Each structure stands twice: as C-alpha cells, then as structure tokens.
Amino acid sequence: MKEKKFEINRILKETRKDYVQHVLLEQDCCNDPFDQFELWFKEAVEKDSMYANAMTVSTVDENGMPDSRIVLLRNLSYGGFTFYTNYESSKGNQIKNNSKASILFFWKELERQVRMQGEIRFLPIGESELYFRSRPFESKVGAWASQQSSRIENRAALDERYEETLLKYKDKKVPRPNHWGGYVLVPVSFEFWQGRASRLHDRIKYSLQENNKTEHWKMVRLMP
Ligand SMILES: Cc1cc2nc3c(=O)[nH]c(=O)nc-3n(C[C@H](O)[C@H](O)[C@H](O)COP(=O)(O)O)c2cc1C
C-alpha cells in the first residue's frame with residue numbers, strides 16, 4: 001500500500017523544545033513519594049496547570065493489549081489514588097481481569113511528569129456513596145443514562161436515554177447505581193520526571209521494598 005503523506009509531519013519536524021525551568025535533585029526529594037506527589041501537585045495547581053488532576057490510567061485487556069484513558073483524581077486515600085467510573089465500562093472489565101495498572105500525570109507548565117505502577121482495588125462502597133451524593137443532579141442522572149463503553153446507534157439515541165432518565169428522576173433523589181463507583185490504585189512504584197536542558201532530564205524512581213514485614217520506599221536516579 002502506498003504510504004500516506006501527513007501534513008503535520010512538517011510541523012512535528014520543527015517542534016523542539018528545551019526544558020529549563022526546574023531541577024529535581026535527590027536531596028530535595030521527600031522520603032515518601034506520596035509527599036513528593038503532594039508537593040508537585042500543589043505546584044501544578046498554583047501554576048494553573050489545566051486539569052492538574054487529570055491522569056492517564058492504563059490497563060490491559062484480556063489479550064494483553066494496553067489501553068489508556070484520562071480520568072480525574074478525586075482523592076488520595078486507602079493507600080492510593082482514587083477515581084470514579086462505571087464498573088461495567090471497558091476499563092472496569094479490564095480491571096476485573098487484571099488489576100495491575102499504571103497512572104501518568106503530565107504537567108506541561110512545569111515540564112514534569114509523574115508515573116506510577118500498582119494494583120487497582122475497589123474503593124469501599126460507603127466512600128462511593130458519599131461521593132455520588134456530592135455530584136450535581138445532571139451527573140447523577142448521566143451515571144444511570146450511560147452504559148459507559150457500550151455501543152449506541154447515534155447521538156439522538158443517547159440524548160433520548162438521558163431525557164428519559166431525567167424524567168424518571170425528576171424531583172427525586174438519584175441513588176448511586178451499583179455499576180458506578182470508585183477505584184483506588186495502590187502504587188508500588190513512582191517516577192518523578194523533571195525536564196532539563198539538552199535532554200539530560202532528572203528522573204527519580206521510588207520502589208516499594210519489603211523488609212522483615214516492614215515496607216519502605218527505595219529511591220534511585222535513572223538516566224534520561
Ligand atoms: C479531562 C477528562 C476527564 C475525564 N474524567 C473521567 C472520570 O473521572 N471518570 C470516567 O469514567 N471517565 C472520565 N473521562 C472519560 C474517559 O477518558 C473515558 O472516555 C471513559 O472513562 C471510558 O473509558 P473506557 O472505555 O476505557 O472504560 C474523562 C476524560 C477526560 C478527557
């Protein structure tokens with residue numbers, strides 16, 4: 001087959017950026033990667049990083065094929081990073097089959113990324129209940145109206161489902177659907193990446209180590 005010519009290749013060729021804003025040295029890193037994450041997250045919020053809590057969650061399907069999507073970080077609790085979704089979505093089914101996953105944050109304003117690997121667990125139902133109650137009425141209705149990741153004929157059919165569900169719950173309390181709730185990714189590794197000049201970026205990796213039944217984080221520097 002003849003190779004297709006893409007116009008954007010010219011733009012891609014010209015796109016080159018040096019990273020010069022910050023440094024990440026071992027002596028400045030917190031011993032606990034969760035503290036380091038908090039520090040960087042606060043800076044991302046202060047810098048007005050667009051969607052600072054948007055994170056790419058990667059899971060694998062039953063064929064071992066990786067799959068990624070953005071969800072919003074809603075809490076740091078139960079030993080990890082919490083997000084809310086539909087348990088029967090593609091990601092929900094993938095997690096059921098293989099709970100190992102990764103998370104990636106990219107804060108471009110700070111030239112930073114944070115990645116982590118770990119296991120995804122269900123958030124206790126009580127937490128999901130509490131969070132669901134705090135959502136706006138329309139979002140609650142949306143959780144009932146959308147069978148996330150399932151096929152639908154067209155946009156009109158989706159709007160119709162939503163309108164019907166709106167009517168059903170008009171002036172009523174919307175309960176949490178059983179298929180909707182939280183997950184928490186409990187990390188076993190973190191990597192903090194700080195862009196530096198000449199592609200000599202800083203990379204500090206934390207791995208969870210177990211020693212005589214006590215856990216601690218080991219920190220190493222990786223080459224860029
Ligand atoms: C900025 C942004 C925030 C999002 N937040 C969520 C979220 O918190 N929960 C969620 O289920 N989907 C969220 N989505 C939609 C997901 O990326 C995805 O389309 C959806 O969860 C279905 O994924 P799946 O088919 O892999 O299960 C968000 C998308 C974007 C771009």
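Predicted model: local features only at pLDDT ≥ 70, side-chain atom pairs only at ≥ 80, totals over all residues.
Trainee: Where do S90 and Q148 come in?

Mentor: A polar backbone atom of S90 lies 3.4 Å from an oxygen atom of the ligand. Q148 uses its side chain: a polar atom there is 3.1 Å from a ligand oxygen.

Trainee: How much of the ligand does the protein bury?

Mentor: Taken alone, the ligand exposes 620 Å², and the protein buries 64% of that.

Trainee: Which elements give two or more residues to the shell around the ligand?

Mentor: They are β2 (66-72), β4 (80-86) and α3 (90-97). Strand β2 gives the most, with four residues. Among the residues surrounding the ligand are R69, I70, V71, Y84, T85 and K91.

Trainee: Let's turn to the surface. Which residues form a nonpolar patch there?

Mentor: The patch is made of F6, I8, I11 and L12, with about 410 Å² of accessible area together. I11 belongs to helix α1, residues 8-14.

Trainee: Why is I11 called partly exposed?

Mentor: Partly exposed means between the cut-offs of 20% for buried and 50% for exposed. I11 gets that label because its relative accessible area is 45%. A patch residue needs over 30%, and I11 has 45%.

How values were computed. Residues numbered from 1 in each chain as written. Heavy atoms only, no water. Patch = residues over 30% accessible without salt bridge, like charges linked within 9 Å, V, L, I, M, F, W, Y side chains within 5 Å. Areas by Shrake-Rupley, 256 points an atom, 1.4 Å probe, with all protein chains shown as cover. Salt bridge = Lys/Arg side-chain N within 4 Å of Asp/Glu carboxyl O. Buried < 20%, exposed > 50% of the residue type's maximum accessible area, 1.4 Å probe, protein only. Near = heavy atom within 4 Å. Polar contact = N/O pair within 3.5 Å; in protein donor to acceptor, adjacent residues only side chain to side chain.
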